[in-house]
Structure formats: structure tokens, C-alpha cells
Amino acid sequence: MNEDSTGDGPSAPGSQWYDADAGPLVRPYAMTGGRTKPGPSNVRFDLIALVVVDDDPPGPADEALLGPEHRSLLTLCRAETQSVAELAADADLPVGVVRVLLGDLLESGFVRVSRPVPPAQLPDERILREVIDGLRAL
């Protein structure tokens with residue numbers, strides 16, 4: 001049996017993919033099946049897009065077919081509405097991976113995604129000046 005360079009234990013082929021503290025390391029492309037874009041609809045998930053569990057999601061049998069990363073994101077979404085950036089941080093996954101996984105969940109009907117209300121558009125400067133002039137005239 002081979003010893004690894006630290007003398008901590010046996011060295012097996014492929015052991016470079018194992019971290020004693022973190023456990024097995026999985027490459028991001030393995031989690032997404034090599035995909036880099038979310039689903040056939042190519043929906044774009046902004047970092048501030050809000051993700052919630054759908055009101056009428058598929059049943060537990062369909063959820064059992066999901067991968068562990070998908071189920072982890074669903075668990076986080078059930079706890080509270082979160083942005084894509086928060087989900088990536090809480091799941092400890094790269095944002096690109098989370099976007100692909102959310103695309104799967106969206107197309108399967110597990111989640112809904114909405115954008116927060118954009119900041120109000122400021123009125124035209126000309127209108128503001130007219131209001132100020134009108135107030136001064138009073």
C-alpha cells in the first residue's frame with residue numbers, strides 16, 4: 001500500500017480529488033452535467049433576482065429524482081425568499097452553477113423567480129425646476 005506525501009495514510013489513484021477536511025471534491029461542471037447556461041429557455045438569473053418555492057410544486061417523488069445540489073437549493077428557498085447571490089453563498093457553490101441549477105428547478109416547476117422592484121425613476125429635471133419655481137412664487 002502506498003503512503004501519501006504527508007504520511008497521513010494510503011494514497012489511492014485519484015486521491016488529489018479528496019480533501020481530508022472537506023471530503024470529496026466535485027468539479028462544478030459535474031454538478032451541472034457540463035452545462036453553462038440555465039435550461040433551454042436560456043432565462044437569465046441576475047444576482048438580485050429573488051427565488052421562492054412555487055405555490056404548487058411537483059410532488060415528493062419528482063423531488064427525489066433531483067440531485068443533492070438541487071435539493072439543497074430547494075431547502076434554502078423553503079426557509080426564506082433569497083436572491084441568487086445569497087443562495088450561492090449559503091450553498092457554498094459558484095454563482096454560475098447556481099444559475100444552471102435554478103434553471104432546472106424553474107423549468108421543473110419547483111421555484112419561481114422574480115426581480116425586485118427597480119428603483120423609482122427620477123422625474124425629469126425640467127419638471128423639478130418648474131415645481132421649485134412654482135413653490136417660490138407662493
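## Salt bridges in a predicted model

Glu130 has a relative accessible area of 48% and is partly exposed, a class that lies between buried (under 20% relative accessible area) and exposed (over 50%), taken with a 1.4 Å probe and protein chains only. The structure is a predicted model, in which local features need pLDDT of at least 70, side-chain atom pairs count only at pLDDT 80 or more, and totals for chains, interfaces and linings use all residues. Residues are numbered from 1 along each chain as its sequence is written, and side-chain values use heavy atoms, with hydrogens and water left out.

A salt bridge here is a side-chain nitrogen of Lys or Arg within 4 Å of a carboxyl oxygen of Asp or Glu. By this rule there are four salt bridges, among them these:

| Pair | N to O distance |
|---|---|
| Asp55 and Arg112 | 3.5 Å |
| Arg129 and Glu125 | 2.8 Å |
| Arg126 and Glu130 | 3.2 Å |

Arg129 is exposed, at 52% relative accessible area.

Helices (H or I, at least four residues) and strands (E, at least two) are DSSP runs numbered from the N terminus.

Asp55 forms a salt bridge with Arg112. This pair links distant parts of the chain, 57 residues apart: Asp55 lies in the loop between strand 3 (50-53) and helix 2 (60-64), and Arg112 in strand 5 (residues 111-114). Asp55 is exposed at 70% relative accessibility, while Arg112 is partly exposed at 38%.
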